[in-house]
Amino acid sequence: MTNDIAAAIETALQRVSDAASLDEIDAVSGETLGKKGVLGGLKASLAKIADIEERKAVGRSLNEAFASVSAAIDERRQELIAIERAAQVAGERLDLTEAMDAASRGHLHLVTQAWQELEDVFVGLGFTVAEGPEVETDWHNFEALNMSEGHPARGEFDTLFIGHDEHEDAGDSGLLLRTHTSPVQIRTMLASEPPIYIVAPGRVFRRDTPDATHMPVFHQIEGLVVDRDISMADLAGTIEAFTQAFFGKGFTSRLRPSYFPFTEPSAEFDIRRPDGSWLELGGCGMVHPEVLRAGGVDPEEWSGFAFGFGIDRMAVMRHGITDIRDMYVNDIRFIEQF
Ligand code: DAH
């Protein structure tokens, strides 16, 4: 019987190491250790051994056989679990390398690109970046910028009011969606002491029907400098430095007399392209004394200049886009071109 046990162990261990799946190892386990299994069967025949001492000895070696075979089965089972898990992981693996392909990678919106580059250029010129809220008070957006109630310039801004009912006086909250970034001038002056050198890029709103050159939501960048002895020459020099830094060496700028309520004198600034053609870019001027006062700045002591222009227009110009609406449709055939 000792020989039978040794043979059973050898066969069992061989089958254990041959088992290639969890199902197989379960089968081996049943067929060796189970009641009707090989070792189980030997256990049943113990009773036939008449000699007590011999029965004890054989019983001991049978127990050892059980222990070593079941240890081998457990060990193999752990191995097989690890192998099957690795196979499952490999099977469910997603190959995402396609998304790493530069051609199919996304990019920042054209307006965001222009916005960031404008910030970079002005930061390079020594400006810091300021912000203001998109929902503004009538006071910051108009009043403090020298456009009181009834000022004709207000009519040029097709303003979107908040909580305002055109047919009833009630419900006028005094709030609106800012029509330009100029209110940031006021907020910056109120929040800090001169000298001030800031640009304020941001989203602005007007009650316009979208067409090839207009969107009801668009973007502007505002500039404000307040310091001692600031003159129109500083303004012209800053616009010129900006033009060359942003557009490149072949570009120059000029100022043309114009009118804005918040600057005096006021100018329009144009950019001259290398081919000699001129392009109107934005408005600028010396900050009106009333505007300085509204910002808590003494116009006897300080002077300043301001400018403002559209970011969407910059993006459109640089890329030769003929319809501004194309930038907001998210048509992949358009987006992929940039
Ligand atoms: N806020 C003006 C607009 O939206 C643009 C502008 C003109 C800004 C002259 C300025 C300025 O700071 O000095 O049309």
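The model is predicted. Its chain is divided into domain 1 (2-92) and domain 2 (110-335), and the centres of domain 1 and domain 2, taken over C-alpha atoms, are 84 Å apart. A search of the whole structure finds 16 salt bridges.

**Largest pocket**
- The largest pocket holds about 1,100 Å³ of space.
- It is lined by 43 residues, and those closest to its centre are Arg-206, Phe-218, Gln-220, Gly-310 and Arg-313.
- Two or more lining residues come from each of strand S6 (217-227), strand S7 (252-260), strand S8 (263-272), strand S9 (278-287), strand S10 (303-310) and helix H10 (311-319).
- By type, the lining of the largest pocket divides into 20 nonpolar, 14 polar and 9 charged residues.

**Strand S5 and its partners**
- Strand S5 spans residues 196-205 and is mostly covered, with 8 of its 10 residues buried.
- Strand S1 (residues 128-129) runs parallel to S5 and is joined to it by 2 bridges; here Thr-128 stands opposite Ile-198 in S5.
- S6 runs antiparallel to S5, with 10 bridges between them; Tyr-197 has Val-225 in S6 as its bridge partner.

**Salt bridge Asp-26 to Arg-77**
- Asp-26 and Arg-77 form a salt bridge whose closest N and O atoms are 2.7 Å apart.
- Asp-26 lies in helix H2 (residues 22-33) and Arg-77 in helix H4 (residues 52-92), so the pair ties together parts that are 51 residues apart in sequence.
- Asp-26 counts as partly exposed at 40% relative accessibility, and Arg-77 is also partly exposed, at 23%.

**Salt bridge Glu-134 to Arg-203**
- The side chains of Glu-134 and Arg-203 meet in a salt bridge at 3.2 Å, N to O.
- Because Glu-134 lies in the loop between S1 and strand S2 (135-137) and Arg-203 lies in strand S5, this pair ties together parts 69 residues apart in sequence.
- Glu-134 is partly exposed, with a relative accessible area of 29%, and Arg-203 is partly exposed, with 36%.

- Asp-270 forms a salt bridge with Arg-256, with 2.7 Å between the closest N and O atoms.
- This pair links strand S8, which holds Asp-270, to strand S7, which holds Arg-256; the two residues are 14 residues apart.
- Asp-270 has a relative accessibility of 3% and counts as buried because the cut-off for buried is under 20%, whereas Arg-256 is partly exposed at 30%.
- Both residues belong to a network of salt bridges that links Arg-254, Arg-256, Asp-270 and Glu-280.

Note on methods
Residues are numbered from 1 along each chain as its sequence is written. This is a predicted model: local features need pLDDT of at least 70, side-chain atom pairs count only at pLDDT 80 or more; totals for chains, interfaces and linings use all residues. Side-chain values use heavy atoms; hydrogens and water are left out. On a 1 Å grid over the protein atoms alone, a cavity is a set of points where a 1.4 Å probe fits but cannot get out, and a pocket is an open set with protein on both sides within 12 Å along at least five of seven lines; lining residues have an atom within 4 Å of a point. Grid points are joined across faces, edges and corners, and a volume is the space filled by probe spheres set on the points. Helices (H or I, at least four residues) and strands (E, at least two) are DSSP runs, numbered from the N terminus. Ala, Val, Leu, Ile, Met, Phe, Trp, Tyr, Cys and Pro count as nonpolar, Asp, Glu, Lys and Arg as charged, and the others, Gly among them, as polar. Buried means under 20% relative accessible area, exposed over 50%, partly exposed in between (1.4 Å probe, protein chains only). Two strands pair if DSSP finds at least two bridges between them. Domain bounds come from an automatic or database domain assignment. A salt bridge is a side-chain nitrogen of Lys or Arg within 4 Å of a carboxyl oxygen of Asp or Glu.
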